[in-house]
Amino acid sequence: MAEYSPKTAKNQKKNGSRQRNVLLLVLLLMAVVGLGWLGFVTAGRLLFTRNDHFRLRRFELRTNGPGYWSGRGDQLAATLNLKVGTDNIFALNLGEIRERLLRIPAVESAEVSRILPDTIAVSIVERIPRASLNNPRSEWVVDSHGVVMSRFEAMEISVRLPVITGFSAGSTPTPGSVFEPALPALELLMNTIRSYPDIAVIYINVATPGKLEFSLRYRNQHLYRAIMPDRGRIGYLLGMLQSAIISAQRSGDTRNTFDLSFDGSVILR
């Protein structure tokens, strides 16, 4: 049996005292850190988030041109639930404001910043409507990426928009989302805008699976109808179409339908 000596008891007492001292030191440090954090938060509120000097007195809106939101700063501030004259600019979460902006269908991109001492500045780029859905007077328009927006809350376009039609009964446009059935037609349309400006598309019908049937005006003069696949080399096919139109005009051919459904050939009807 081990002998319990006075020396062992003394060491255990000493170790117990040391542990209590360490525990007290840890508790003291935690209290200091807690008080420091509380002081920091309190000071932050007094200096920033509850400082009347930083009250929101001005909402500054910058846009990429004469879009729907241009000159509508008060309306946009209300849409974002910003209270000019009441909110504190440091109490506002800039990331959340930007997310609210991007939920507006007509807004493509946005930046939000503070300008001391009393201003929230917002810079937005609005989507450009490229086509109407279903009919010329439809409420719904889409940009080049197929994002749906209300015509009445989007950038106003001076020219008449092309119309994309022929969607199935179950296809319903949802504001702010990409309307997938319109994407092949938009690829055709954007190709003409970027590379074939002499071809002005008027209507695009997507009712026939795998095909795009569209009407166009060439150099703002003659009206034609064309048919082509809705996938693949749309830019190449448009080049063929343009060449075929020029050739027909030179030869005096009055047929006005160009069928490019068959790879590598153009059939006039």
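Which element gives the most to the lining of the largest pocket? That's strand β8, with five residues. Keep in mind that this is a predicted model, where local features need pLDDT of at least 70, side-chain atom pairs count only at pLDDT 80 or more, and totals for chains, interfaces and linings use all residues. Residues are numbered from 1 along each chain as its sequence is written, and side-chain values use heavy atoms, with hydrogens and water left out.

**The largest pocket**
- This pocket (an open set of points on a 1 Å grid over the protein atoms alone, where a 1.4 Å probe fits, with protein on both sides within 12 Å along at least five of seven lines) holds about 480 Å³ of space.
- It's lined by 21 residues, and V159, R160, P162, A200 and V201 are the closest to its centre; lining residues have an atom within 4 Å of a point.
- Two elements, α4 (183–195) and β8 (199–205), each give two or more residues to this lining; helices are DSSP runs of H or I with at least four residues, and strands are E runs of at least two.
- By class, the lining has 16 nonpolar, two polar and three charged residues (Asp, Glu, Lys and Arg count as charged; Ala, Val, Leu, Ile, Met, Phe, Trp, Tyr, Cys and Pro as nonpolar; the others as polar).

**The second largest pocket**
- About 250 Å³ of space lies here.
- Of its 16 lining residues, R151, A154, M155, E156 and I157 are the closest to the centre.
- The lining splits into 10 nonpolar, two polar and four charged residues.

**A look at Q242**
- You'll find Q242 in helix α5 (residues 234–251).
- Q242 counts as buried because its relative accessibility is 18%, and buried means under 20% relative accessible area (1.4 Å probe, protein chains only).
- Leaving aside neighbours within four places in sequence, Q242 is in contact (heavy atoms within 4.5 Å) with Y196, D198, I199 and Y218.

Methods: Points joined across faces, edges and corners; volume = space filled by probe spheres on them. Buried < 20%, exposed > 50% of the residue type's maximum accessible area, 1.4 Å probe, protein only.
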